[in-house]
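Student: Hi! Could we go through this model together, one piece at a time?
Tutor: Happy to. Ask away.

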2 protein chains.
Amino acid sequence: MIVRYNKFVVQLDNITTIPNTCMLKRNPSLTEQAKLYIKQRIVNDEFEEGRIPSETTLANELGVSRTTIRDALSRLELEGAVYRKQGAGTFVNEAGLQIKTRLEEIWTYEDMLDAHGYSHAVEIISVEERPAPPRIAEALAIAPEAPILVAKKRFIADGRPVIITINHIPVNLIQTAWEQSDFSRPIYEFLAEKCRQHLAYYLSEIVPLVASPLLGPELGVTAGKTALLSFDEVGYNQENEPILCANSCFRDDMLRLRLIRRGAM
Amino acid sequence: MIVRYNKFVVQLDNITTIPNTCMLKRNPSLTEQAKLYIKQRIVNDEFEEGRIPSETTLANELGVSRTTIRDALSRLELEGAVYRKQGAGTFVNEAGLQIKTRLEEIWTYEDMLDAHGYSHAVEIISVEERPAPPRIAEALAIAPEAPILVAKKRFIADGRPVIITINHIPVNLIQTAWEQSDFSRPIYEFLAEKCRQHLAYYLSEIVPLVASPLLGPELGVTAGKTALLSFDEVGYNQENEPILCANSCFRDDMLRLRLIRRGAM
DNA sequence: TAGTGGTCTAGACCACGCT
DNA sequence: GCGTGGTCTAGACCACTAT
């Protein structure tokens with residue numbers, strides 16, 4: 001068991017082409033390793049006519065139970081990487097593989113810009129402490145006027161501004177000294193290092209905007225003429241407590257937002 | 001086993017408050033029934049302090065294996081109805097329960113409007129056969145200029161226009177006679193009845209728009225001033241073949257689009 | 001230390017597709 | 001009829017939380 005596990009890990013060390021997401025909790029289970037193993041073989045185009053070996057075959061090949069393989073394939077199916085036909089088999093989903101940064105998953109903006117093929121840079125516009133306005137206080141379940149840290153930054157893709165994002169974090173969550181430059185990295189790193197909080201999920205709301213005279217110039221588009229996409233998001237930790245309010249605004253002509261919508265089971 | 005199964009079904013007959021989604025394949029598995037059973041108890045607020053009984057307890061209570069209960073709870077967790085803390089228990093997710101029509105799932109517009117508390121009506125604007133323009137043909141994997149059926153309709157919520165949607169279906173999929181009024185019902189019903197095709201999932205792209213002089217009046221908003229949200233979607237059947245191109249445009253001031261974003265595992 | 005969820009196994013039976 | 005994925009079981013062990 002241990003030996004097999006180790007052999008498994010060694011195989012996985014060669015995997016470099018899988019796009020990285022930003023999440024933290026890493027404890028590679030057999031299921032997760034099986035998933036990566038299969039995904040690697042998919043991106044290497046090792047399966048003839050997109051046909052993936054049967055679950056039993058894969059289970060024997062990797063020396064794990066069929067259940068483990070099924071769980072791995074289920075995750076790949078959710079990601080849109082494969083699809084299954086009862087009685088027929090499991091197949092590579094070419095269309096689904098096109099979507100690199102699906103909206104239902106959390107991605108850093110850096111990863112999103114990478115996936116779109118842009119070079120990228122970050123500018124920190126401002127970091128200030130302020131009393132929480134009513135809406136933010138309510139979303140974060142803190143007292144009105146309680147102090148929050150407000151960090152505003154801008155992403156530049158291939159030299160053009162593309163995203164403005166404003167993060168709101170309750171000051172009482174912060175446990176360690178920080179400096180402005182900490183915000184040049186993704187916000188989940190700040191939460192992990194300075195607040196010992198781990199982002200589990202976002203509840204997000206999608207809102208279209210007409211570029212305002214303030215926002216338009218910041219994103220390099222004509223105010224009053226251009227439609228922008230914005231996200232209002234509340235981030236929760238693993239205890240289901242709100243720890244972050246984020247507000248982001250995109251140039252949709254540079255970043256396409258895609259997702260997979262399924263029938264509810 | 002059969003008896004238990006039946007008892008189970010009888011219990012479920014009383015469930016009426018669960019919002020209905022639009023999907024079709026119904027073959028209530030034990031897992032699905034367990035999910036509905038637990039969800040019903042959640043909406044009835046039967047759990048003190050939001051604490052859900054342990055997996056073992058539920059398994060004994062329903063006479064199924066713990067695996068079945070775990071699968072049911074996993075689905076509820078994905079839906080945002082519960083969250084789990086290892087070592088502590090499973091709990092009702094109050095914040096997640098607020099979101100009725102999550103974007104990652106397919107909902108009929110009727111259900112979305114219901115969930116927002118609107119009365120609703122549908123107007124069929126036009127139904128015509130046309131040669132497929134290049135983009136649509138490519139998305140549907142049919143020959144350019146191949147005939148498609150284009151159906152445009154408008155949804156009215158509380159007397160105000162709220163959604164314009166245009167569906168494109170390859171004519172060669174249609175197997176049965178139809179009439180214009182068939183389009184007053186959700187498109188998945190047309191696909192099921194007239195094309196014997198079952199919608200499995202959409203690949204969707206979200207695009208913000210500034211209301212154009214054409215679209216603005218149709219949705220009752222000022223052209224050139226108002227931002228609208230639009231969806232470009234390709235629907236696939238269970239064989240992973242594209243069967244539908246849909247184009248929808250919303251008044252976001254009337255309909256809020258929400259979703260849950262998670263860290264990739 | 002007791003109880004919870006997290007992972008994994010080995011095996012059973014079913015529904016469905018192919019040929 | 002054979003092989004595939006879909007469902008379900010009973011039980012094991014681990015990691016973590018609470019007390």
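Student: Which residues of helix α8 in chain A are buried?
Tutor: This is a predicted model, and in it α8(A), residues 187-195, buries Ile187(A), Tyr188(A), Phe190(A), Leu191(A), Lys194(A) and Cys195(A).

Student: Where do those buried residues fall, seen down the axis of α8(A)?
Tutor: Within an arc of 160°, so they line one face of the helix.

Student: Nice. And what do the buried residues of α8(A) pack against?
Tutor: Four strands of chain A: β6 (147-157), β7 (160-170), β8 (201-210) and β10 (242-250).

Student: What about the backbone just after α8(A)?
Tutor: Arg196(A) sits there, with a positive phi of about 50°.

Student: Changing topic: at what angle do α2 and α3 of chain A pack?
Tutor: Two packed helices are described by the angle between their axes and the distance between the axes. For α2(A) (residues 30-43) and α3(A) (residues 55-62), the angle is about 110° and the axes are 12 Å apart. An angle of 65 to 115 degrees counts as roughly perpendicular, so that is how α2(A) lies to α3(A).

Student: Is that crossing left-handed or right-handed?
Tutor: Right-handed, for α2(A) and α3(A).

Student: Which residues meet there?
Tutor: From α2(A) there are Ala34(A), Tyr37(A), Ile38(A) and Arg41(A), and they meet Leu58(A), Glu61(A) and Leu62(A) of α3(A). By class, this contact between α2(A) and α3(A) has five nonpolar residues, two charged and no polar ones.

Student: Over to chain B, then. How do α2(B) and α3(B) pack?
Tutor: Helix α2(B), residues 30-43, and helix α3(B), residues 55-62, have axes 12 Å apart at an angle of about 110°. That makes α2(B) roughly perpendicular to α3(B), and their crossing is right-handed.

Student: Which residues make the contact in chain B?
Tutor: On the α2(B) side, Ala34(B), Tyr37(B), Ile38(B) and Arg41(B); on the α3(B) side, Leu58(B), Glu61(B) and Leu62(B). Five of the residues in this contact of α2(B) with α3(B) are nonpolar and two are charged, with no polar ones.

Methods:
Residues numbered from 1 in each chain as written. Chains lettered and ligands numbered in written order. Predicted model: local features only at pLDDT ≥ 70, side-chain atom pairs only at ≥ 80, totals over all residues. Heavy atoms only, no water. Buried < 20%, exposed > 50% of the residue type's maximum accessible area, 1.4 Å probe, protein only. Helix = DSSP H or I, 4+ residues; strand = E, 2+ residues; numbered from the N terminus. Arc of directions from axis to C-beta. Contact = heavy atoms within 4.5 Å. Axes fitted to C-alpha atoms, helices over the stretch in contact; angles between N-to-C directions. Parallel < 35°, antiparallel > 145°, perpendicular 65-115°, else oblique. Left-handed = near helix turned anticlockwise from the far one by under 90°. Nonpolar A, V, L, I, M, F, W, Y, C, P; charged D, E, K, R; others polar.
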